[in-house]
Amino acid sequence: MLQKGIRYMFGGGDGAMNLEELLLIEKHLEYWISQIRSAKMEIMLQEIQSLRDKEGVLKNANKYLLDKLEENNNSILDANFATVETNYSYPLVMPSEIFQF
């Protein structure tokens, strides 16, 4: 029936289709379109969930990196530095542990 309808639409059919045949093809096409839309919606929902999962992973990675950065910044600020006088126009800063014997 579908093949006959396709041949009819493209002018290759042998004669005209009657009303019953056209209504049957229309009913099948509407059902197929509904099935295609349902499958498409399911795929889109799976993609959305996958993107949400990736977002969660990236947020956790970002939080971890920010915590590490803050930890490193705090350890640098807590370090005891000594200034060494040089002939340069800027001071040379070195950790004071170097000078302990």
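This is a predicted model: local features need pLDDT of at least 70, side-chain atom pairs count only at pLDDT 80 or more; totals for chains, interfaces and linings use all residues.
Averaged over the chain, the pLDDT is 80, and 69% of the residues reach 70 or more. Among the elements of the chain, helix α2 has the highest mean pLDDT, at 91, while strand β2, covering residues 92-95, has the lowest, at 53.

Attention turns next to the charged side chains. In general, side chains of opposite charge can pair when their charged atoms come close. Searching the whole structure gives three salt bridges. One of them links K59 to E55, with 3.6 Å between the closest N and O atoms. Both residues belong to helix α2, which spans residues 19-78, and they are four residues apart, about one turn of the helix.

D67 and K63 are four residues apart in the helix, so about one helical turn separates them. D67 is partly exposed, with a relative accessibility of 38%.

K68 and E71 also form a salt bridge, and here the closest N and O atoms lie 4.0 Å apart. That value can be read against the cut-off, because a salt bridge is counted when the nitrogen is within 4 Å of the carboxyl oxygen. The spacing along helix α2 is three residues in this case, so K68 and E71 are again separated by about one helical turn. Both partners are partly exposed: K68 has a relative accessible area of 33%, and E71 has a relative accessibility of 46%.

I6, Y8, M9, F10 and L22 make a nonpolar patch of about 540 Å². The element that gives the most to this patch is helix α1, residues 2-9, with three residues. Y8 has its place in helix α1, and with 36% relative accessibility Y8 counts as partly exposed.

Terms used: Residues are numbered from 1 along each chain as its sequence is written. Side-chain values use heavy atoms; hydrogens and water are left out. A salt bridge is a side-chain nitrogen of Lys or Arg within 4 Å of a carboxyl oxygen of Asp or Glu. Helices (H or I, at least four residues) and strands (E, at least two) are DSSP runs, numbered from the N terminus. Buried means under 20% relative accessible area, exposed over 50%, partly exposed in between (1.4 Å probe, protein chains only). pLDDT is the predictor's confidence in each residue, from 0 to 100. Patches are made of residues with over 30% relative accessible area and no salt bridge: like charges are joined within 9 Å, nonpolar side chains (Val, Leu, Ile, Met, Phe, Trp, Tyr) within 5 Å. Accessible areas come from the Shrake-Rupley method with a 1.4 Å probe; for residues, only the protein chains shown count as cover.
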